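Student: I am new to this structure and would like a close look at a single part. Please start there and follow what surrounds it.

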Amino acid sequence: MAESALTVELCTDEGEFGGLAAAWARLHRRCGTATPFQSHAWLHSWWLSYGTRGRLRVVLVRRHGELVAAAPLMRAYVPLPALVPLGGAISDFTDVLLDDAFADEAADALAGGLSELARSALIDFREVRSGAAVEHIYERWRGPRLRLADSLCLELPAASMEELLGRLPAPRAQRARAKIRKMDALGVERRIVRHDEVDDSVRTLLRLHQLQWQGRKVTSEHLQPRFSEHLIRSVGLMVRAGDAVVTEFRLDDAVVAADLTLLSPHLVGGYLYGAHPQLRERKVDVATMLLNACTEHAEGDRSRVLSLLRGNEPYKHHWRPEEATNHRLLLARRRTAPVLRAAAWDAAARSRGKEFLRARRERQERS
């Protein structure tokens, strides 16, 4: 029998992981299901901001020296001992990378490498998008496994703004058109930020993001220095690679809003924005302004979706999106099966707790 052309390695050194940038980028381009959250720029930057020394576990599969599969993981111990994807809670999707040209054999080899890791810890993939590459690993897994529902995402077709307006009831579409005309009348201008200006523009975005949520409930992580460092470090590289675009909106010669949109062959998604409160004071509908700009990156490409990413906020439903539920994939060996069962019990308990709180809020609103 001929010797396999595939080799499996385990990378635990952050310097070695940093040095994989070029090879990882080639693999990322050859994996049709990859999102920007699997790019090396995003993951390596995330590790530098959020990783813990000694916990890096990246499984690499090579074919004649070239990367054909990768699983970017780290050890975690809370709430249970597990191997979890890099990217953490600030990433809307997690996945592995598989070279489309060698998907089956690369998936077999990667599943074998992950099975070795699973001898001592549960493998826990949160926020897996339907059709993700890691589903090939799940299908091949020989030990205990479990699929659970995770966060809800909302998606629109990759259509022009006018086509999206055509999906709405006539009165709502008329109001949206009036909002767009108002922005034009005010003189709101937008421009795509050049790659050499991205760092400063991201700083402006973060400043405006903090300003827009001042005095209101905000995702606290977005205000942390480590988050700012991560975005500033990663986004410029992602823009250069075509995985992201930063847009600035100007009014009266001042930047009043900035938006970070992520790009992949199958997905366009607005990740984060910042808007000055004066836009609300001048009756500018910021959500419509951002969506109008975002459609230009997806328009006409029917292989893409316009993702509103995670979250079930009411304003997103104004556009009649489709629901797409992420999944959580749990993989174990027989010796780690008790940890899998504990994780499933914990997930069920948390789900019941959220349902209880939601029902209580609804009762309070009715009373």
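Tutor: What follows is a close look at one helix and then at the parts around it.

This is a predicted model, in which local features need pLDDT of at least 70 and side-chain atom pairs count only at pLDDT 80 or more, while totals for chains, interfaces and linings use all residues. Residues are numbered from 1 along each chain as its sequence is written, and side-chain values use heavy atoms, with hydrogens and water left out.

The part is helix α3, residues 40–50. Helices (H or I, at least four residues) and strands (E, at least two) are DSSP runs, numbered from the N terminus. Of the 11 residues of α3, 10 are buried, so the helix is largely enclosed by the rest of the structure. Buried means under 20% relative accessible area, exposed over 50%, and partly exposed in between (1.4 Å probe, protein chains only). The buried residues are His-40, Ala-41, Trp-42, Leu-43, His-44, Ser-45, Trp-46, Trp-47, Ser-49 and Tyr-50. Their cover includes the helices α1 (14–18), α2 and α9 (225–241), together with the strands β2 (56–63), β3 (66–76) and β11 (267–275). Contact here means heavy atoms within 4.5 Å.

Ser-39 belongs to the loop between α2 (21–30) and α3. Its relative accessible area is 3%, so Ser-39 is buried. Leaving aside residues up to four places away in sequence, Ser-39 touches Trp-24, His-28, Met-238 and Asp-243. A polar atom of the Ser-39 side chain also lies 3.3 Å from the backbone nitrogen of Trp-42. A polar contact is a pair of N or O atoms within 3.5 Å; within protein, one must be able to donate a hydrogen and the other to accept it, and residues adjacent in sequence count only if both atoms are side-chain atoms.

Trp-42 is also a member of aromatic pairs. The whole structure holds six such pairs. Phe-37 and Trp-42 have ring centres 5.2 Å apart and planes at 80°, so this pair is edge-to-face. Rings of Phe, Tyr and Trp (its six-membered ring) pair if their centres lie within 6.5 Å; planes under 30 degrees apart count as stacked, over 60 as edge-to-face and the rest as tilted. Phe-37 is buried at 3% relative accessibility, and Trp-42 is buried at 0%. Trp-42 pairs with Tyr-271 as well: the centres are 5.4 Å apart and the planes at 85°, so this pair too is edge-to-face. Trp-42 is in helix α3 and Tyr-271 in strand β11, so the pair links distant parts of the chain, 229 residues apart. Tyr-271 is buried, with a relative accessible area of 13%. Phe-37, Trp-42 and Tyr-271 form one aromatic cluster with Phe-93. Over the face of Phe-93 lies Arg-129, at 5.7 Å from the ring centre. A charge sits over a ring if NZ of Lys or CZ of Arg is within 6 Å of the ring centre and within 35 degrees of the ring normal. Elsewhere, the charged end of Arg-147 sits over the ring of Tyr-138, 5.0 Å from its centre.

Three bridges join β11 to β12, and the two strands run parallel. Strands pair if DSSP finds at least two bridges between them. In β12, Leu-306 is the bridge partner of Val-268. Strand β7 (residues 145–157) is also joined to β12, by four bridges, and here the strands run antiparallel. Cys-153 stands opposite Arg-310 in β12. Five of the six residues of β12 (residues 305–310) are buried, so this strand is largely enclosed by the rest of the structure.

Charged pairs give a further view of the model. There are 26 salt bridges, each a side-chain nitrogen of Lys or Arg within 4 Å of a carboxyl oxygen of Asp or Glu. In one of them, Arg-190 meets Glu-296, with the closest N and O atoms 2.2 Å apart. Arg-190 lies in strand β8 (residues 189–192) and Glu-296 in helix α11 (residues 286–298), so the pair ties together parts that are 106 residues apart in sequence. Arg-190 is partly exposed, at 36% relative accessibility. Another salt bridge joins Asp-200 and Arg-203 at 3.3 Å, N to O. Both lie in helix α8 (residues 198–212), three residues apart, about one turn of the helix. Asp-200 is exposed at 55%, whereas Arg-203 is partly exposed at 43%.
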